[in-house]
Amino acid sequence: MPFRLETRLWLAAPLDSVFAFFADPANLERITPSFLHFRVVTPGVEMKRGATIDYRLRLHGIPFRWQSEITAWDAGARFRDEQRRGPYRYWRHSHLFREEDNDVPGGYAVHQWLVGPDLIRIFTYRQERLREIFGGDRHEPVRVVIQRKL
């Protein structure tokens with residue numbers, strides 16, 4: 001059965017700096033949990049379409065070699081890597097980068113007193129309902145936070 005994992009993250013940094021960070025495969029070690037014992041073993045990879053990167057890791061104590069190929073490259077905007085060898089039958093990982101301006105009409109006061117609290121209530125409710133429908137620890141607190149851009 002295939003699965004899809006999607007995450008989104010807003011960073012308070014210039015787009016070109018964030019993209020440059022992700023364009024350096026060595027930085028993947030910096031953002032991978034230590035329990036995976038993850039290491040990039042291909043030195044000096046020039047990120048572009050067709051580039052391959054080899055890694056070593058341990059998943060539940062089992063050593064794996066992993067090879068990714070960059071299958072799409074649009075400098076400053078997006079790239080995609082696909083597993084060519086590794087622990088999964090299929091793995092495709094897309095990275096999209098864009099600048100956003102998420103200001104609320106009316107500014108901070110409207111967000112602080114009207115929009116923000118309603119969004120928190122809506123998404124807290126959704127998390128609680130999803131937990132009821134699909135199961136989950138009812139004692140684990142629901143966490144919905146709106147962070148202010150700096």
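Two rings of Phe, Tyr or Trp count as a pair if their centres lie within 6.5 Å, the six-membered ring being the one used for Trp. By that criterion this predicted model holds 11 aromatic pairs.

Begin by selecting F19 and F79, whose ring centres are 6.1 Å apart and whose planes stand at 85°, so that the pair is edge-to-face, given that angles over 60 degrees fall in that class. Colouring by secondary structure shows F19 in helix α1, residues 15–22, and F79 in strand β4, residues 78–85, so this pair ties together parts that lie 60 residues apart in sequence. Both F19 and F79 are buried.

While F79 belongs to strand β4, F97 sits in the loop between β5 (92–96) and α3 (107–134), so the pair links parts separated by 18 residues in sequence. F97, like F79, is buried.

Now widen the selection to F19, F21, F22, W73, F79 and F97, which together form one aromatic cluster.

For the last stop, move to L57 in strand β2, which spans residues 52–59. Is L57 buried or exposed? With a relative accessible area of 7%, L57 is buried, because the cut-off for that class is under 20%. If neighbours within four places in sequence are set aside, L57 is in contact with L36, H37, F38, I62, P63, F64 and W66. Finally, a C-alpha to C-alpha distance drawn from L57 to R39 reads 6.4 Å, although the two residues are 18 apart in sequence.

Key: Residues are numbered from 1 along each chain as its sequence is written. This is a predicted model: local features need pLDDT of at least 70, side-chain atom pairs count only at pLDDT 80 or more; totals for chains, interfaces and linings use all residues. Side-chain values use heavy atoms; hydrogens and water are left out. Rings of Phe, Tyr and Trp (its six-membered ring) pair if their centres lie within 6.5 Å; planes under 30 degrees apart count as stacked, over 60 as edge-to-face and the rest as tilted. Helices (H or I, at least four residues) and strands (E, at least two) are DSSP runs, numbered from the N terminus. Buried means under 20% relative accessible area, exposed over 50%, partly exposed in between (1.4 Å probe, protein chains only). Contact means heavy atoms within 4.5 Å.
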